[in-house]
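Me: Please examine the structure shown below with me, with attention to helix packing and aromatic side chains.

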Amino acid sequence: MSRVTVPDAVTPIDSAFTVYVATQADASAETQGWSPALRERVQNGLYLLTAVHGPHETIKASTDATLPRQQNRRAVIRVTEVLAHLALLDDDRIDPLDAWIHRRLASVHPEIREEALVWIHIVRHGGPRRRPRSTTTVRNQANSAIPFLLACSQRYRTLRQVSRADVTEWLAQCAAPHTEAVALRDMFKTLKSERSLFANPARGVSLGSRPSSVPMSLSPETIQRLTAAAEANPALKLLIALVGIHALYPHQARALPLTAIDFTRGWLMLGDIDHPLDAFTQQAAVDYIHLRHQRRPHTRNPHVFISSQTAHTRAPVTTGWMQPLLRGLPVTARQLREDRILEEAAVTGADPQLLCAVFNITPETGLRYTRLFHPDPTDSDDVSGCNMETS
């Protein structure tokens, strides 16, 4: 398909089928707010594909990917979505997570690799008594276990040869063994339940203390750098306002709907959050929405933040959109939120009950912020007060 253009295409096998698919694509274009140029590119791609496929054939995603070079990646994605919506797609694409897992396990001994894949498959897809975990969890669990698997590959041919001493010695040389211990215990327990192992060498192995992160206030130099960067980037400015002033979680900011911001009253409403917008946040929102409309005037996406990929869908942006905004800056979105809560704690006497009520956090989290001001909190009344607020 890479050398074919619409004028060169033969007469469709079934013109009614081609018209039907084009009509459905137009409906998607209206619903999702495709630009005229994108709509034309998608229609051209669908014409080429349906011209050489009958109404009872499925179209491979790999065939879709070979559309003419003038078809940009965004159009190919929309073509794939239309075909999938019409149940006409044969999705033969390589799963990105599968490809990543096999790359990471490439240097592991083949037998150990197969045993590890059994565990990863269950973590990812679940089992009779286990729910599937998120892609992030799968990656984190695999990343924690793979160094151990590589070390085992130098000495053994199978995980059945691993002893308890191997596990404890490995964890002893880890700087922060809690995460690794959790992954290894889960892996060996799963493989034992699947009868891939005769015994579980990690049974009863201590997990160690969970690594604790003490929230720290941002330095004046960091705040100055953020301010300078925000002035040149409306999206970053609004993100800093939502996370660093209103203490939204990063995922809440990414998925913030347009209806959550009331520009008439100057108000922010999102779940338990219901309070006025300060002048900085309101101006940041106005500037970004104006830029959003200039760049994507046809979008129907209901979220405040959009990207080149989500502008033609109704999905929120992902962490892959947010992370580049903060790249090169000495701060993460989580640290921005922590700084805001610490600021509130500093000006209100570090009252955990107040922090629970204002930021809708748990008592344990509230005490995490007040310990910076009161290293040895002993007032149990504060904790019980937080429980009443959060309940």
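The questions and answers that follow concern a predicted model.

Me: Which residues of helix H5 are buried, and on which side of H5 do they lie?
Reply: Helix H5 spans residues 96-104, and its buried residues are Leu-97, Trp-100 and Ile-101. Around the axis they cover an arc of only 100°, which puts them on the same side of H5. The buried residues asked for are thus Leu-97, Trp-100 and Ile-101, and they lie on the same side of H5.

Me: Against which helices do the buried residues of H5 pack, and which exposed residues does the face turned away carry?
Reply: The face of H5 turned away from its buried side carries the exposed residues Pro-96 and Arg-103. The buried residues of H5 pack against helix H6 (110-125) and helix H7 (135-153).

Me: Which residue caps the N-terminal end of H5?
Reply: At this end of H5, a side-chain oxygen lies 2.8 Å from the backbone nitrogen of Leu-97. The residue that provides this oxygen, and caps the helix, is Asp-95.

Me: The charged end of which residue sits over the ring of Trp-100?
Reply: Trp-100 is one of the buried residues of H5. A charged end sits over its ring, 4.6 Å from the centre, and belongs to Arg-139.

Me: Is Thr-18 buried or exposed?
Reply: Thr-18 lies in helix H1, residues 15-32. Leaving aside residues up to four places away in sequence, Thr-18 touches Pro-12, Tyr-47, Thr-50 and Ala-51. Its relative accessibility is 10%, and the cut-off for a buried residue is under 20%. Thr-18 therefore counts as buried.

Me: How many aromatic pairs does the structure hold, and what is the geometry of the pair formed by Phe-148 and Phe-188?
Reply: The structure holds four aromatic pairs. In the pair of Phe-148 and Phe-188, the distance is 6.1 Å centre to centre and the angle between the planes is 85°, a geometry that is edge-to-face.

Me: How far apart in sequence are the parts that Phe-148 and Phe-188 tie together?
Reply: Phe-148 counts as buried at 2% relative accessibility, and Phe-188 counts as buried at 0%. Ring pairs also link both residues with Trp-170 into a cluster. Phe-148 lies in helix H7 and Phe-188 in helix H9 (residues 177-193), so the parts tied together are 40 residues apart in sequence.

Me: Why is the pair of Tyr-288 and Phe-305 tilted?
Reply: Tyr-288 is buried, as is Phe-305. Their ring centres are 5.2 Å apart. The planes stand at 55°, so the pair is tilted.

Note on methods: Residues are numbered from 1 along each chain as its sequence is written. This is a predicted model: local features need pLDDT of at least 70, side-chain atom pairs count only at pLDDT 80 or more; totals for chains, interfaces and linings use all residues. Side-chain values use heavy atoms; hydrogens and water are left out. Buried means under 20% relative accessible area, exposed over 50%, partly exposed in between (1.4 Å probe, protein chains only). Helices (H or I, at least four residues) and strands (E, at least two) are DSSP runs, numbered from the N terminus. The arc is that of the directions from the helix axis to the C-beta atoms. Contact means heavy atoms within 4.5 Å. A polar contact is a pair of N or O atoms within 3.5 Å; within protein, one must be able to donate a hydrogen and the other to accept it, and residues adjacent in sequence count only if both atoms are side-chain atoms. Rings of Phe, Tyr and Trp (its six-membered ring) pair if their centres lie within 6.5 Å; planes under 30 degrees apart count as stacked, over 60 as edge-to-face and the rest as tilted. A charge sits over a ring if NZ of Lys or CZ of Arg is within 6 Å of the ring centre and within 35 degrees of the ring normal.
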